Amino acid sequence: MRRMSVLSPVQIKEANAHLAAVHRRVTELERRLEAAERTVREQAERLMGKDRELQAAIRELSLRKEREMVDVQEKLQDCEGTVQRLQMVMKEKDSVIAQLRHRSQLLDKITRSRPLLDNLLSYMAEAERSQSVHISHLDSHPAFPDHHAHSLVGINGLMNTCPNDRNFSVSEDDMEEPAQDDAIFGTTV
């Protein structure tokens, strides 16, 4: 049987010192490992918090964009309604303008025809005056036949000069308009 060698006190002391150094080294490494794990956990928690913040910000941004899209669509619909109303107003105004233009043309025609109408009214007034004088003169002569008096009364109080009447005659003087009529009856515009 082999004999075990006996360690000397120096060797035992050196071995104990080496074990103590190894133990200290292990303890230091464990402390560093624990610190590193704590740092990693803290960083992971911070990253997770940042991730939650980013996700919340993205959700808020998405909701805000959706609300903005809804607002834009509502404004677009309002603008389309406004455009349609304005188009209807423009059509109505175009119609009114066309009517006013037509009336303006009619007024221009009436204005250009005013002197002729004034002359015509003067002639009609003169005819009525001469008719009333002539009929009153006939009424004062009972021997004048009634059917001749009635044949002289026409529509709207004007004289009815029928060509078939025995007493009807037209001379060149009657056909021509007197040059003095315009001076006597004048025109007003």
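The chat below goes through the helices, surface and salt bridges of a predicted model.

Trainee: How many helices and strands are there in the protein?

Mentor: The predicted model has 4 helices and 0 strands. Along the sequence, the pattern reads α-α-α-α.

Trainee: What share of the residues is buried?

Mentor: Of the 189 residues in the protein, 6% are buried.

Trainee: Changing topic to contacts. Among those with a separation of 6 or more, what percentage comes from residues 24 or more positions apart?

Mentor: That share is 56%.

Trainee: Now salt bridges. How many does the structure hold?

Mentor: The structure holds 6 salt bridges. One of them pairs Arg-31 with Glu-28, and their closest N and O atoms are 2.4 Å apart.

Trainee: Where do Arg-31 and Glu-28 sit relative to each other?

Mentor: Both belong to helix α1, which covers residues 9-139. They are 3 residues apart there, so about one helical turn separates them.

Trainee: Why does Arg-31 count as partly exposed?

Mentor: Because its relative accessibility is 49%, and partly exposed runs between the 20% limit for buried and the 50% limit for exposed. Glu-28 is also partly exposed, with a relative accessible area of 24%.

Trainee: Which residue forms a salt bridge with Glu-126?

Mentor: Arg-129 does, with 2.8 Å from N to O. Arg-129 and Glu-126 are 3 residues apart in helix α1, so they too are separated by about one helical turn.

Trainee: How accessible are Arg-129 and Glu-126?

Mentor: Arg-129 has 42% relative accessibility, while Glu-126 has a relative accessible area of 34%. Each counts as partly exposed.

Trainee: Which residues do salt bridges with shared partners join into one network?

Mentor: Glu-28, Arg-31 and Arg-32.

Trainee: One more pair. What is the distance between the closest N and O atoms of Arg-67 and Glu-60?

Mentor: It is 3.5 Å, and the two residues form a salt bridge.

Conventions. Residues are numbered from 1 along each chain as its sequence is written. This is a predicted model: local features need pLDDT of at least 70, side-chain atom pairs count only at pLDDT 80 or more; totals for chains, interfaces and linings use all residues. Side-chain values use heavy atoms; hydrogens and water are left out. Helices (H or I, at least four residues) and strands (E, at least two) are DSSP runs, numbered from the N terminus. Buried means under 20% relative accessible area, exposed over 50%, partly exposed in between (1.4 Å probe, protein chains only). Contact means heavy atoms within 4.5 Å. A salt bridge is a side-chain nitrogen of Lys or Arg within 4 Å of a carboxyl oxygen of Asp or Glu.
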